[in-house]
There are 2 protein chains.
Amino acid sequence: MKKNILYAQSGGVTPVINATACGVIETARINRDRIGTVYAGKDGIIGVLQEELIDTSKETKSDIAGLRHTPGGGFGSCRYKLRSIEESKREYQRLIEVLRAHDIGYFLYNGGGDSADTAYKVSQIGKKMGFPVNCIGVPKTIDNDLPVTDNCPGFGSVAKYVAVSIMEASLDVESMASSSTKVFILEVMGRHAGWIAAAGGLVAREEGDPPHLILFPEVPFKQREFLRKVRHAVENYGYCSVVVSEGVRNSRGQFLADAGTRDAFGHAQLGGVAPVVANIVREKLGYKYHWAVSDYLQRSARHVASKTDVDQAYAVGKAAVELALQGKSGVMPIIKRVSNNPYRWKIGETSLGRVANREKMMPKSYITDDGFGITPAARRYLAPLIRGEDYPPYDRDGLPKYVRMKKVLARKKLPEFDV
Amino acid sequence: MKKNILYAQSGGVTPVINATACGVIETARINRDRIGTVYAGKDGIIGVLQEELIDTSKETKSDIAGLRHTPGGGFGSCRYKLRSIEESKREYQRLIEVLRAHDIGYFLYNGGGDSADTAYKVSQIGKKMGFPVNCIGVPKTIDNDLPVTDNCPGFGSVAKYVAVSIMEASLDVESMASSSTKVFILEVMGRHAGWIAAAGGLVAREEGDPPHLILFPEVPFKQREFLRKVRHAVENYGYCSVVVSEGVRNSRGQFLADAGTRDAFGHAQLGGVAPVVANIVREKLGYKYHWAVSDYLQRSARHVASKTDVDQAYAVGKAAVELALQGKSGVMPIIKRVSNNPYRWKIGETSLGRVANREKMMPKSYITDDGFGITPAARRYLAPLIRGEDYPPYDRDGLPKYVRMKKVLARKKLPEFDV
């Protein structure tokens, strides 16, 4: 008797989370003889709880193929964390009811550490409630903070965006620095770990190459040292190019982004560490500056995705279905690095228990002693992840051909449920 | 007797100004029998005045070819405006001395309206001083504000970057809006004219498509209307995506970017209209928001350049050399639109007198009556300019192969000169 798949996207989306969805659905379609319908939670787990299940069999083959090159979350996502089984008992029970009502044999949850935890708990509670379901976590996060897996699908493309962007903007600044802007500051994501900021460092291959400074969340901001380095870059290379992580803190542990600016009413200004750093440069050194905040652009820039990342994102989706068909549960496909030179990877697996609720921080050995750059070890790790290009097709208007799911919902079978 | 070319880049650089340089140098090399050396002013006209002339014959064929896909200003640029002949007499005389000392027969000045004015004056003063030089203006500006020419090289690529970026970020926001960010604001360049912001409107092809609002410098910011539209988008499409031009002003004519925020010391915070608009949304509507400021990224994003733009940038460089060889002076090659459907263009020419010191504003008919969108006329004009992709080559590290000139200077022959 064929069972159905329930797939859901969770948390912040990435340029390639849909490539994983594509891998899931295409692999399930190939295995039509053993798998029924792939349902997708509308807006993630919230849709699942509300029994809003998108019937992906209503989507065309070419639209599903188009997911591979479409950013955002094709079926919608949400930030909604199920807590312990005791605290969120009502939600877990509802989840199992929904799975039972729609004959789900395989639950594939595509997200970060919290989602791995949820998938793990669903596998446990399903057994207890007499409805065993094969639960597979599928890794995704631009923050690259999942343990066990060598890297996380989503990160490589953001890393490539950041590296390409700081390289390009630095060429711009360099060409006019003798009479104009001398300091350029690019703010990137990474509240807790500096993986994304570190990627900017891949551009600095020779003495004098940008970025001249990286400000990591791992390193408390030391203003005097920072200013000394900025001045050194301007005096020696003509300009200074800076990548700053949104999560940089001062020595008292406060986010720099919160510490600086107030609006006209005296309210703390939310977000934007780049203008805070820029103001420090202006006040203390008087250099002309510019700053950019890439925000969601970095997280959705599928047009400059890393081919390595796209391939891996697809592969973990495919592997998730294969693991489910092998009868596995409580596991997650992971990326294993086989060799660095040449870079080779393969898909492995780990138990969700090893992934849930553990954050992988950037090793201290990846940051140079002065705290402003990346080491050769960091470069060896990061470089392969941004390799290769994988462009979306463009239409005749010069815009990417991104697909939009029809999102036809399966007929509801259960009473309403308040989330 | 073969004469040399002096080429200089002026003002803010673009993703494709080097494609123009490539067109100039490759065309001159083809015409080796009639043209001597192509010199390039180091950092633009400042380098010319200081007799810092880069000898481009020292650059390899493949590096010159690589200029076609390299952003920034390959020979450096500057913001330095020569004023009237009376006011800047000393500079004009020096310029002619430098041209004479290096046997320059053709002066090609690659910039916007000010540069056209300078090239025009050099052609006049050269004659008066008994050193006639063929002066050609070569159009470049991301602001698209030169008259006579249908559009300006540089604009199309920035337009494409803005359109692709708002399209991608909107897919991201849309997928999570039911439980997270509802309003996304992208700040783009355009201090005086809304051409760049208008390009974002190309993405909105169907009802509900992003961006839902564009804030133009041409339309005074009306807060109540703005908030009404934001709420309408959130209530009807689930989220609201906004493109805001840095040049938006309030009804008293002040830049919105200056009006809002102060730093911890009470100083007006420089730059960043996006956070100001975001704060208005937060205070008045309470929606969760995100904002991005693309700043120099938009102006250097060669990785997502418009092929139309690259081709046109190259073509005006080529045409400039050909006009010079035809003995023309005081002229500028321009882009003429031959037809819209299919889009066809050719190179024409105009006199610099018609271009100098005139700004082309965006026609009123390009902005919808409500002031927040673009009309079909704007779409017909803008759409062809972002068509086609023209990717740079990437190296095996996954980074674009951008070239760097060797910048070997010609031997100086004149006394020093203070700029």
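This is a predicted model: local features need pLDDT of at least 70, side-chain atom pairs count only at pLDDT 80 or more; totals for chains, interfaces and linings use all residues.
Trainee: What is phi of Asn357(B) near, and is the residue buried or exposed?

Mentor: Its phi is near 60°, which is a positive value in a residue other than glycine. Asn357(B) counts as exposed because it has 11 C-beta neighbours inside 10 Å, and the cut-off for exposed is 12 or fewer.

Trainee: Which residue of chain A has a positive phi near 55°?

Mentor: That is Asp103(A), again a residue other than glycine, and it sits in the loop between helix 4 (89-101) and strand 4 of chain A. Asp103(A) has 14 other C-beta atoms within 10 Å, so it is classed as partly exposed. As background, most residues other than glycine have a negative phi, and most peptide bonds are trans.

Trainee: Then which peptide bonds are cis in chain A?

Mentor: One cis bond joins Pro210(A) and Pro211(A), with omega about -5°, and Pro211(A) is placed in the loop between helix 7 (195-200) and strand 7 (213-215) of chain A. Another cis bond runs from Asn341(A) to Pro342(A), with omega near 5°, and Pro342(A) belongs to the loop between strand 10 (331-340) and strand 11 (343-351) of chain A.

Trainee: Going back to strand 4 of chain A, which strand does it pair with?

Mentor: Strand 4 (residues 104-111) pairs with strand 5 of chain A in the parallel sense, over 6 bridges, and Leu108(A) stands opposite Ile136(A) of strand 5. Between the two strands the chain passes through helix 5 (residues 113-128) of chain A, and this β-α-β crossover is right-handed.

Trainee: Why is strand 5 of chain A described as largely enclosed?

Mentor: Because 6 of the 6 residues of strand 5 (residues 134-139) are buried, the strand is largely enclosed by the rest of the structure. Both of its faces are covered, with Asn134(A), Ile136(A) and Val138(A) buried on one side, and Cys135(A), Gly137(A) and Pro139(A) buried on the other.

Trainee: New topic: what domains does chain A have?

Mentor: The domain assignment gives domain 1 (3-141 + 302-357) and domain 2 (155-300) of chain A, and their C-alpha centres lie 35 Å apart. The contact between them takes 14 residues from domain 1 and 9 residues from domain 2, and the side of domain 1 that touches domain 2 divides into 6 nonpolar, 6 polar and 2 charged residues.

Trainee: And how many residues go into the contact between chains A and B?

Mentor: That contact takes 66 residues from chain A and 66 residues from chain B. On the chain A side, helix 6 (155-176), helix 10 (273-285), strand 9 (289-293) and helix 11 (295-300) each give two or more residues, and helix 6 gives the most, with 13 residues. By type, the chain A side divides into 30 nonpolar, 22 polar and 14 charged residues.

Trainee: What rotation superposes chain A on chain B?

Mentor: A rotation of 180° does so, with 0.0 Å of shift along its axis and an RMSD of 0.0 Å, and that is the relation of a two-fold axis. In chain A, the C-alpha nearest the axis is that of Val293(A), 2.5 Å from it. The same surface serves both copies, since 100% of the contact residues of chain A recur in chain B.

Key
Residues are numbered from 1 along each chain as its sequence is written. Chains are lettered from A and ligands numbered from 1 in the order in which they are written. Two residues are in contact if their C-beta atoms, placed from the backbone, lie within 7 Å. Helices (H or I, at least four residues) and strands (E, at least two) are DSSP runs, numbered from the N terminus. Ala, Val, Leu, Ile, Met, Phe, Trp, Tyr, Cys and Pro count as nonpolar, Asp, Glu, Lys and Arg as charged, and the others, Gly among them, as polar. Copies are superposed by least squares on the C-alpha atoms of residues with pLDDT of at least 70 in both. Domain bounds come from an automatic or database domain assignment. A residue is buried if 20 or more other C-beta atoms lie within 10 Å of its own, exposed if 12 or fewer, and partly exposed in between; C-beta atoms are placed from the backbone. Two strands pair if DSSP finds at least two bridges between them. A crossover is right-handed if, with the strands pointing away from the viewer, the path from the first strand over the helix to the second runs clockwise.
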